Amino acid sequence: MESIEQHTGKKICIVGASGKLGRYMVQHALDRGYEVVGVCREQSVHKLDDFAGRITVHGGDTNDRAVIERAVEGCDAVLAVLVPWGVNDYSSGTARAVIDFAEPGARLVFSCGWHITRDGRDRYSWKIKAAVAFARFLRFTRLIDLDDQYRAADLIFASDTRWTLVRGSDLEEGPSQGLPVWSRHVGDPVLASNMTRRTDFALFMVEAAADDTLVHEAPAIVGCRTPSALAHRRQAA
Ligand SMILES: NC(=O)c1ccc[n+]([C@@H]2O[C@H](COP(=O)([O-])OP(=O)(O)OC[C@H]3O[C@@H](n4cnc5c(N)ncnc54)[C@H](OP(=O)(O)O)[C@@H]3O)[C@@H](O)[C@H]2O)c1
């Protein structure tokens with residue numbers, strides 16, 4: 001079995017810990033010896049029962065500044081799930097609180113989807129463009145505000161913290177295939193398969209916390225065993 005690098009003595013905060021991505025991140029972080037602090041909505045604290053006694057949980061909205069201030073204290077890294085739920089700046093409020101209260105020098109790793117672009121040089125398929133247009137249209141339901149996730153990304157890109165914004169492809173469940181591969185721009189051939197196992201998205205987030213080569217990068221990721229990733233590896237060999 002491959003040995004896993006241990007980070008015993010380091011503390012990591014996972015903001016949005018109760019979601020699917022969040023719970024995978026908690027497990028990967030525990031496997032790597034981190035002391036784990038989780039933040040999730042009060043009504044979701046029970047979703048972390050499997051980790052009872054092994055992690056500290058702060059109940060509260062992830063854009064609640066007082067909750068984030070307490071949770072990130074003393075943490076070497078903060079991993080934050082950005083979701084555009086509601087119309088109350090949930091994503092941008094979460095990003096702003098993490099940026100404002102994380103310890104100086106802490107590694108900050110945020111999650112979003114491929115639709116976020118850093119430099120405008122991503123090339124999107126009509127399917128992604130249509131999905132984004134539809135999601136934006138849904139703001140009228142007041143359930144989701146995709147533009148707020150763009151505002152969150154702008155805050156992160158402009159920040160002088162040690163950030164990484166991980167951009168996820170479409171996701172599927174299933175056992176880990178290993179650390180996803182990444183590229184700077186959607187549209188690069190390596191990413192063509194547009195699929196990542198959710199547990200591997202979480203693995204990338206956790207590994208990024210200890211990978212300084214990803215500071216100030218917005219990697220777009222894809223599963224390492226997808227056809228496009230394998231074809232890219234064959235070409236590079
Ligand atoms: N789904 C995809 O195909 C996909 C693709 C690319 C990238 N991503 C990115 O991956 C990350 C997580 O995606 P996921 O699909 O795996 O979801 P997830 O882990 O299940 O995360 C959903 C998060 O949203 C929270 N949430 C749900 N309803 C909410 C509400 N009404 N108000 C506030 N928070 C609410 C959940 O908290 P509770 O536990 O409290 O409900 C949880 O933290 C996001 O950053 C997303 O942009 C997803």
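In the predicted model, helix α5 (residues 146-158) contains 13 residues, which at 1.5 Å a residue should span 18 Å; the C-alpha atoms at its ends lie 19 Å apart, in agreement with this expectation. The buried residues of this helix are L146, D148, Q149, A152, A153 and I156. These residues are placed on the same side of α5, because they cover an arc of only 150° around the axis. An α-helix has 3.6 residues a turn, so residues three or four places apart point the same way. The partners against which the buried residues of α5 pack are α3 (90-101), β5, α4 (126-137) and β6 (162-168).

Burial was also examined in helix α6. This helix is mostly covered, with nine of its 11 residues buried. The buried positions of α6 are T199, D200, F201, A202, L203, F204, M205, V206 and A208.

The largest nonpolar core comprises 65 residues, of which V78, L79, V98 and F110 touch the most other members. Helix α6 (residues 198-208) contributes the largest share of this core, namely seven residues. In soluble globular proteins, nonpolar side chains tend to be buried together. When neighbours within four places in sequence are set aside, the contacts of L79 are I12, I14, V15, M25, V109, M205, V206 and A209; two of these contacts, M205 and V206, are themselves buried residues of α6.

The shell around the ligand consists of 23 residues, and S18, G19, L21, S44 and G168 come nearest to the ligand. At least two residues of this shell are supplied by each of α1 (20-31) and β5 (107-113). By residue class, the shell divides into nine nonpolar, nine polar and five charged residues.

Individual positions were considered next. D31 belongs to helix α1 and is exposed, because 12 other C-beta atoms lie within 10 Å. The C-alpha atom of D31 is separated by 9.4 Å from that of H7, a residue 24 positions away along the chain.

D89 is located in the loop between β4 (77-81) and α3, and its phi is near 55°, a positive value in a residue other than glycine. With 16 C-beta neighbours inside 10 Å, D89 is classed as partly exposed. N194, likewise not a glycine, has a positive phi of about 50° and lies in the loop between β8 (181-183) and β9 (196-197). N194 is partly exposed, since 17 other C-beta atoms are found within 10 Å.

Methods:
Residues numbered from 1 in each chain as written. Predicted model: local features only at pLDDT ≥ 70, side-chain atom pairs only at ≥ 80, totals over all residues. Near = placed C-beta within 6 Å. Helix = DSSP H or I, 4+ residues; strand = E, 2+ residues; numbered from the N terminus. Nonpolar A, V, L, I, M, F, W, Y, C, P; charged D, E, K, R; others polar. Expected span 1.5 Å × (residues − 1). Buried ≥ 20, exposed ≤ 12 C-beta atoms within 10 Å, placed from the backbone. Arc of directions from axis to C-beta. Contact = placed C-beta atoms within 7 Å. Core = buried A, V, L, I, M, F, W, Y, C linked by C-beta atoms within 7 Å.
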